[in-house]
Amino acid sequence: MRKHVLGSTMALAVVWAVWSLASNPAAGQEAARAKPTSFGGCPAETLAFHACAQEKAKTFTPPRTPAGTPDMQGYWRDQLTHGFSVEGVDESEPETRNAVQPWPVGPGMIVDPPDRKIPYQPWAAKIGRKGVNYEKHIDPTSSCRPYSPPRDVQVSPFHQLLQPPGGESVVWLMEEVHSFRVIHTDGRPHVGKDIKLWKGDAVGRWEGNTLVTDVTNFNGYTWLDDLGNFYTDAGHVVDRWTMIDPDTMHYEVTIEDPTVYTRPWKMAWPITRDTAPGLEIIEEACWEGESDLVHFRSQGYTTYFGQTWRSQRGSGR
Amino acid sequence: MTHRFIGWPIAAAAVVAALSCQAPPGPAQTDTQSSLPRTPEGGPDLTGIWQAVNTAEWDLQDHVAQKGVPAGPGVVEGNDIPYQPWALAKKQENFKNRLTADPVEAKCFLPGVPRVTYMPYPFQIVQSPKHIAMLYEYSEANRTIYTDGSPHLPGAIDSFWMGDSRGRWEGDTLVVDTIHLSDQTWLDRAGNFHSEALHVVERYSLTGPDHINYEVTLEDPKVFTRPWKMSMPLYRRKEPSVRILEYPCFRFLQEELQPRK
């Protein structure tokens, strides 16, 4: 879990370090576990996996539900993701040697554009990516606020997919902050434009064996990662889930927001089935007993309501 | 940050675990009319968006109107909740302090079971053969009812705000047995309450395509003198555009702390 990554203030860093040790005693074990070299027969490297998985998806025939759609139900875990920064953190980044709070090194998840960076407009790059958001604001998830896609899929330790009979919806249950995403696959339109939501409004469809989800109607109060990368209330997220073997999915997400990016961009990663016996999602209450916000505020961090982009994107929004 | 509520000692959890997890045999609610929606396996299909339409959230018992509180007949069988004497005094104290003490209205905490069912927000039931998910609009509360024959989590564990729910089918009735509940939730805005020893048995019976008869038995030997029941219909939301939106309650508290610019 990585909720409390903030600017480099000593007092906060100590709070964070104690918290993360206390809350994640298994971190050492995770690190010690051998890294897999492949997922679903594809290499365990983002770009190579992405290319390989698209080919494998063409020949794999998934099991079907009674409604006739691919049956993807079960418990799933993300692989090759880096919650700190969707662009990844390279060892050459000076902040990885920050004595107080070193940034975690990890691979980026972006597969397009080729430079694997978010194609921000110049003004917006100064807000996301180690910018104003990171320096001034509390990560929205640190205050237990809802996750929007694709961060909802990416940060949860694991999630469960349910496909109720009738095939009219698909539901993801996330362990992180007891969240869920209901994807209506009955052909209904999005809600009206004045209904703006933390998680957005998700409608979906099946394209062959791929579940395609279209999410709009965001309020723009959420981030993509701990570093403050973002989209606004004009964001449009399209996720694509495709099984490439019985226990592996290829996940691809396209994010579009003409008000802050110069073009749409894509991330991809593997999602693997967890078949551990007796696995259940355990309630992760967050707000109940929450006591960290007062510390964040005392250090000068403020709640994020999208004011950074609102003030620079122009009037009326 | 407290991610999982860990509010009482192991001993109490053991007491909870030691309680019977079996529901008392209830009246058969097996309406097998062919109009009931059914799953491919043949059982009733509760999938859909439902909502209670009554005033139980304000007060489970008979009550007259107050400002912001609609009047309503109670949903408790016989209207009386069989509190032990100390507990009745506590309930009255809760009522007096309700505007600042209600864990939901004052603090935006998860509401627990069964209160979450009759709050004035829709909820969605998603049914699969081994898991039934209940997704509530209020604060993204949700729970999974395991109908795979698995037992409650054993022994000395933390409690959960939304409890540990295991279900089974008795004819066409879904019977949900819930324990491991927090003692920090109330049953309504009027201060009706329980302890961590609460054992809830809910019975969901489709009585037609668009109605569920919802009956709840509450047992808590630390607070009540005997088990007691409430019941109400749940109605299917029929609007074509209906869906579970968001009521992120704590966000409004955060805005009070730091107003949006």
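Guide: A residue is called buried if 20 or more other C-beta atoms lie within 10 Å of its own, exposed if 12 or fewer do, and partly exposed in between, with C-beta atoms placed from the backbone. This is a predicted model, in which local features need pLDDT of at least 70 and side-chain atom pairs count only at pLDDT 80 or more, while totals for chains, interfaces and linings use all residues. Residues are numbered from 1 along each chain as its sequence is written, and chains are lettered from A, with ligands numbered from 1, in the order in which they are written.

Visitor: What percentage of the residues in chain A is buried?

Guide: Of the 317 residues in chain A, 45% are buried.

Visitor: How does B:Pro103 count, as buried or partly exposed?

Guide: B:Pro103 counts as partly exposed because it has 19 C-beta neighbours inside 10 Å.

Visitor: Which residues does B:Pro103 contact beyond its neighbours within four places in sequence?

Guide: Two residues are in contact if their C-beta atoms, placed from the backbone, lie within 7 Å. By that criterion, B:Pro103 contacts B:Phe109, B:Gln184, B:Thr185 and B:Trp186. B:Leu187 is 84 residues from B:Pro103 in sequence, and their C-alpha atoms are 10.0 Å apart.

Visitor: How many residues of chain B are in contact with chain A?

Guide: In chain B, 37 residues are in contact with 37 residues of chain A. By class, the chain B side comprises 17 nonpolar (Ala, Val, Leu, Ile, Met, Phe, Trp, Tyr, Cys and Pro), 8 charged (Asp, Glu, Lys and Arg) and 12 polar residues (the others, Gly among them).
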